[in-house]
Amino acid sequence: MAKLYFRHGAVGSAKTLNLLAVAHNYRQQGKEIFLIKPALDDRFGKGSIKSRAGLEKSADILANEDTNLLNYNYEGIDCILVDEAQFISSKLIDQLREISHEKNIPVICYGLRTDFKRNLFEGSRRLFELADTIEEIKTTCAFCNSKAIFNIRHVNGEATQTGPVVDLGADEKYFPACSNCYTEQVFEKISVKA
């Protein structure tokens, strides 16, 4: 039986690059892949799955709240890859699990574990509950050499825990951080202002 995988990491851990490498490997072997991404992620163009390293593929599905993944024909598909899975609803994560188990197609989801406030995203939470295999894609902290586990959001060059949870951005706004640097950047600055 195929599995539902969740590969998570902090911002800048090359999750999308990893996804595109897996897509390339499948295609190089003559296998068919199916690419899914959330419709709201239009940072690099609507319908485009693009890594910061410059590799890019077009998504087969732009998923939103009204999407029913069970309505698609997956005949001949060898693997389903999902980018930015943290933005996928729990309902769609349930559907991805059903597809992997009933259609015997591996589904590999890539995404953030938590938001900049250190809370699980809806899609990530459901993947932690349902995924057959959970793997961490590691990166180092932007402020030291420790392993990054959190995402810091900067506004006007300063770390913050305020603002909307979904506020798309990249290197100019979000930074990977270890626990110590997160505390120093976010909480110590907040307590100084209070």
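Visitor: Where does glutamate 84 lie?

Guide: Glutamate 84 lies in the loop between E6 and H2; helices (H or I, at least four residues) and strands (E, at least two) are DSSP runs numbered from the N terminus. The model is predicted, so that local features need pLDDT of at least 70 and side-chain atom pairs count only at pLDDT 80 or more, whereas totals for chains, interfaces and linings use all residues. Residues are numbered from 1 along each chain as its sequence is written, and side-chain values use heavy atoms, with hydrogens and water left out.

The phi angle of glutamate 84 is near 50 degrees, a positive value in a residue other than glycine. Glutamate 84 counts as buried because its relative accessibility is 10%; buried means under 20% relative accessible area, exposed over 50% and partly exposed in between, with a 1.4 Å probe and protein chains only. Asparagine 104, in the loop between H2 and E7, also has a positive phi, near 55 degrees.

Helix H2 covers residues 90–102 and includes serine 100. The helix lies across E1, E2 (33–38), E5, E6 (79–82) and E7, and runs at about 130 degrees to E1. Axes here are lines fitted to C-alpha atoms, for helices over the stretch in contact, and angles run from 0 to 180 degrees between N-to-C directions.

Serine 100 is buried because its relative accessibility is 0%. Its side chain reaches the backbone oxygen of arginine 97 at 2.8 Å; a polar contact is a pair of N or O atoms within 3.5 Å, one able to donate a hydrogen and the other to accept it within protein, and residues adjacent in sequence count only if both atoms are side-chain atoms. Leaving aside residues up to four places away in sequence, serine 100 touches Ala2, Lys3, Leu4, Ile105 and Val107, where contact means heavy atoms within 4.5 Å.

Leucine 4 stands opposite valine 107 in E7. Strands E1 (residues 4–8) and E7 (residues 107–111) run parallel and are joined by five bridges; two strands pair if DSSP finds at least two bridges between them. The open sheet of six strands has parallel pairing and the order E5-E2-E6-E7-E1-E8. Its edge strands, E5 (61–63) and E8 (133–136), each pair on one side only. Neighbouring strands of this sheet are turned by 20 degrees against each other on average, direction ignored.
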